[in-house]
Amino acid sequence: MMQFGRGLMPYGAAVAFTPGLVVRPHGTASLGLRVQIANDAHIRRAWGPAIAEKIAAEMRRRLMAVLPGGCRVLCEGGGGLAVDFHLGEWPDDGVVDAMLPTWLGHLCAATLLDPVATDAGLICVWLSVDWSLEGQARARICPFQGAPMADGRDAEALYRADMQRVVAFLPSLMRSDDSVEAAFALHWQPVVDRSGGILFHEALCRPCDDDGAIQPPEPLLLALERLGFVSLLDQAVVSAVIDELEAVAEVSLAVNVSAQSLACAGSWSELCERLIRRPDVARRLVWEITETALASDMDQATAFIAVIKDMGCRVAVDDFGVGFASIRQLLIFSPDIIKIDRLFLERATQGGRDAVIFRQMVELARSFGAEVVVEGIETRAQADLVDAAGAVWQQGYFHARPSSAMPWRRNPDDRTACLVVRP
């Protein structure tokens, strides 16, 4: 008997691995495993083939260190790594189907959190895994969410700059020493009705610099999305919000999650286990799905949203009407809450056709049987306009600005300082 996954901690110390996947004699079963450095083409464009080959060799070394003894890892070129399992010992089919995807998801997440040192500096690597059992292909583990790189040297320079920004941010996600400056702060903004009722408080992520000062979130978020790495930040923020829900029993909180992140379901297993153990927490957590970047695998994202709802969480579609947040997404996700983008309210204040369109947007959202939230209320006149359109819930500066204060705490002056978070 041997443990599948022993020794993973040395190069993925930010994530605990206890997969319990046991490999045992099992006749002639056939397990096929192919690991792909999914951003290999980007790395080759940005830094050249020599750096890409060095990274592939390092990935091979890491895989050899954590796979069961007797496995071979073969570099196939183009960032592909084939794992040879001709050992004479094979996993039980049912155990593999149940446990291997989770373990591989952990493996991919640990790899991303541990950049490879090269002559060009630290470079993050995204692993995707294709696997099959008895010749039957299983779902890809951690499909890559990055977009193809555009043509030209400017695109290559932007990729290098994005990587540098993200690599500098990663250590703050892995810190366990509270004395070190933290990764980001959470500010909170309520969703309310005109009588003062609160649907939930939304967590808004604000990155911190080395001195703890709040920074604009857009540069980091856009870099993460362009690289396809936004799940790193999303999982850290969700973890921090779950911490708060576990600490306070009465409050409902919402957290923004990119649709990109949801397509990498395997990397969410640890957080899902926390929610399964605490259904009282899951019921008070709202996942706001943002779609500033479209998920590369909408089927996997949709399947994971079903898992979220099965755990008892609520799902909201954010910024409905702009970007990729379309009627198609409402049909696919069946959200509990629909948030109408502020653009429509701003235009509706001008009257005429734009006011008609806004009322129709509210009616369309209500027709899905969801709670409707209108964003961007800044004046009493806008709040009245939302009421007249038939939307109950409102969010915006007119009601409350985002604040680090947490009014649901016993001491209303409690504030969330920059949080040390670890995905």
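Predicted model: local features only at pLDDT ≥ 70, side-chain atom pairs only at ≥ 80, totals over all residues.
Leaving aside its neighbours within four places in sequence, which residues is Leu63 in contact with? Let's start there, and a quick word on the model comes along the way.

Leu63 is in contact with Val35, Val73, Leu81 and Leu107, where contact means heavy atoms within 4.5 Å. Residues are numbered from 1 along each chain as its sequence is written, and side-chain values use heavy atoms, with hydrogens and water left out.

Back to Leu63. Leu63 is buried, with a relative accessible area of 2%. Buried means under 20% relative accessible area, exposed means over 50%, and partly exposed is in between, using a 1.4 Å probe and protein chains only.

Leu63 lies in helix α2, residues 49-66. Helices here are DSSP runs of H or I with at least four residues, strands are runs of E with at least two, and both are numbered from the N terminus. Let's check the length of α2. At 1.5 Å a residue, its 18 residues should span 26 Å, and its end C-alpha atoms are 26 Å apart, which agrees. The expected span is 1.5 Å times one less than the number of residues.

Now, which residues of α2 are buried? They are Ile51, Ala52, Ile55, Ala56, Glu58, Met59, Arg62, Leu63 and Val66. They cover an arc of only 165 degrees around the axis, which puts them on the same side of α2. That arc is taken from the directions from the helix axis to the C-beta atoms. If you wonder about the spacing, an α-helix has 3.6 residues a turn, so residues three or four places apart point the same way. On the other side of α2, Pro49 and Ala50 are exposed.

Asp162 is found in helix α4, and Asp162 is buried, with a relative accessible area of 5%. Not counting residues up to four places away in sequence, Asp162 touches Ala223, Arg226 and Leu227.

Pro143 lies in the loop between β10 (136-137) and α4 (153-174), and at 4% relative accessibility Pro143 counts as buried. Pro143 and Ser261 are 118 residues apart in sequence, yet 10.0 Å apart in space, C-alpha to C-alpha.

Next, empty space. Rolling a probe the size of a water molecule over the atoms shows where empty space is left. On a 1 Å grid over the protein atoms alone, a cavity is a set of points where a 1.4 Å probe fits but cannot get out, and a pocket is an open set with protein on both sides within 12 Å along at least five of seven lines; lining residues have an atom within 4 Å of a point. Grid points are joined across faces, edges and corners, and a volume is the space filled by probe spheres set on the points.

The largest pocket holds about 910 Å³ of space. It is lined by 34 residues, of which Glu202, Leu204, Arg206, Asn256 and Asp318 lie nearest its centre. Strand β12 gives the most to this lining, with five residues.

How many cavities of 30 Å³ or more does a search of the whole structure find? The search finds one, and the largest cavity has a volume of about 90 Å³. Its lining includes Cys108, Trp126, Cys142 and Gln235. The elements that give two or more residues to the lining of the largest cavity are α3 (93-112) and α6.

Now for the cysteines. The structure holds zero disulfides, a disulfide being a pair of cysteine sulfur atoms within 2.5 Å. Take Cys272: its sulfur is 8.1 Å from the closest cysteine sulfur, in Cys313, too far for a bond. Cys272 is buried, with a relative accessible area of 10%, whereas Cys75 is partly exposed at 44%.

Last, some backbone angles. Most residues other than glycine have a negative phi. Asp319, in strand β15, has a positive phi of about 55 degrees although it is not a glycine. Ser334 also has a positive phi, near 45 degrees, and Ser334 lies in the loop between α11 (327-333) and β16 (337-340). Asp319 counts as partly exposed at 24% relative accessibility, and Ser334 counts as partly exposed at 42%.
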